[in-house]
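Me: I would like to learn how to read a protein model step by step. Could we go through one together?

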Amino acid sequence: MIHRDDVARRAFILEHTATIRAPLVPEFQLHLATEITPLWQATENSLSQIGLPPPYWAFAWVGGQAVARHILDHPELVAGRTVLDFAAGCGLISLAAIRAGAKAVTAVDIDPFAQTAIALNLALNAADPNERVRMSAEDMVGHLLPGVDVVLAGDVCYERPMAEAVILWLRTLARAGLTVIIGDPGRSYLPCSGLTALARYVVPTVADVEDSATKATTVWRVEAG
Ligand SMILES: C[S@@+](CC[C@H](N)C(=O)[O-])C[C@H]1O[C@@H](n2cnc3c(N)ncnc32)[C@H](O)[C@@H]1O
């Protein structure tokens, strides 16, 4: 199996991405797939044959862009607080949380490629000189999170089993007193109650992965409900 180690994953990411800025969050550069590096289409054709998971980390999903924009514009949500960026992908929300003054950030994603992509994106932006970001590949769904004040999650309602488990867990965390914020463009498995809208953005999309040129995307607070 190739791409087993971090060095090989770094090489793969650098080869298959360009350095660009997400439209809603131009503050940061990111290693992302583009029309010139069409990684998503490659997935079904070849990546699965060589044992690679879908490259979620290669896109700044609209839900993540909306959450990142919102906390950059409302830094009081995270300033001085300990943040968990759940399902971090490329790490855009973690970058925004650090910029907004979070005390510490844990970027959690079960895909080792995401871990490598986040490290590359932090370095690209010289974003974490004080090493406030920690990375974890642990599956934390269902776990209590002692010491965490805020959970941020971009675009996690795209598959039924994951969305159901994650929303249940996030409500438990909200009941325990954590601030829980998600960004979502109305994906199929977003619950229709127990959410309070904080902001709405129209986010330009990447043609490869969405069915329209823009997505109206809402930043929601998850209620204990
Ligand atoms: C659609 S992407 C969203 C990435 C990022 N939040 C954004 O908005 O750009 C979903 C991410 O969830 C991650 N993921 C799926 N199940 C997970 C779990 N149980 N724990 C942590 N991450 C998970 C995937 O690896 C993927 O990177």
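Me: Among contacts in the protein between residues at least 6 apart in sequence, what percentage join residues at least 24 apart?

Reply: That share is 69%, where two residues are in contact if their C-beta atoms, placed from the backbone, lie within 7 Å. Please keep in mind that this is a predicted model, in which local features need pLDDT of at least 70 and side-chain atom pairs count only at pLDDT 80 or more, while totals for chains, interfaces and linings use all residues. Residues are numbered from 1 along each chain as its sequence is written.

Me: How many helices and strands does the protein have?

Reply: The protein has six helices and nine strands, which are DSSP runs numbered from the N terminus (helices: H or I, at least four residues; strands: E, at least two).

Me: How should I read two packed helices, and at what angle do the axes of α3 and α4 cross?

Reply: Two packed helices are described by the angle between their axes and the distance between the axes. Here the axes of α3 (residues 62-73) and α4 (residues 92-99) come within 9 Å and cross at roughly 0 degrees; axes are lines fitted to C-alpha atoms, for helices over the stretch in contact, and angles run from 0 to 180 degrees between N-to-C directions. That makes α3 roughly parallel to α4, a term for angles under 35 degrees. Among the residues that meet are Val-67, Ala-68 and Ile-71 in α3, and Leu-92, Ile-93 and Ala-96 in α4.

Me: Is α4 largely enclosed or largely open?

Reply: Seven of the eight residues of α4 are buried, so α4 is largely enclosed by the rest of the structure; a residue is buried if 20 or more other C-beta atoms, placed from the backbone, lie within 10 Å of its own. The buried ones include Leu-95 and Ile-98, and just after α4, Gly-101 takes a positive phi of about 100 degrees.

Me: How do I read a sheet, and in what order do the strands of the open sheet lie?

Reply: Strands of a sheet pair through backbone hydrogen bonds, either parallel or antiparallel. In this protein seven strands form an open sheet in the order β5-β4-β3-β6-β7-β9-β8, with mixed pairing, and two strands pair if DSSP finds at least two bridges between them. The edge strands, β5 (133-136) and β8 (195-204), each pair on one side only.

Me: How many bridges join β3 to β4?

Reply: Five bridges join β3 (residues 82-86) to β4 (residues 104-108), and these strands run parallel, with Leu-84 standing opposite Thr-106 in β4.

Note on methods
Angles under 35 degrees count as roughly parallel, over 145 as roughly antiparallel, 65 to 115 as roughly perpendicular and the rest as oblique. A residue is buried if 20 or more other C-beta atoms lie within 10 Å of its own, exposed if 12 or fewer, and partly exposed in between; C-beta atoms are placed from the backbone.
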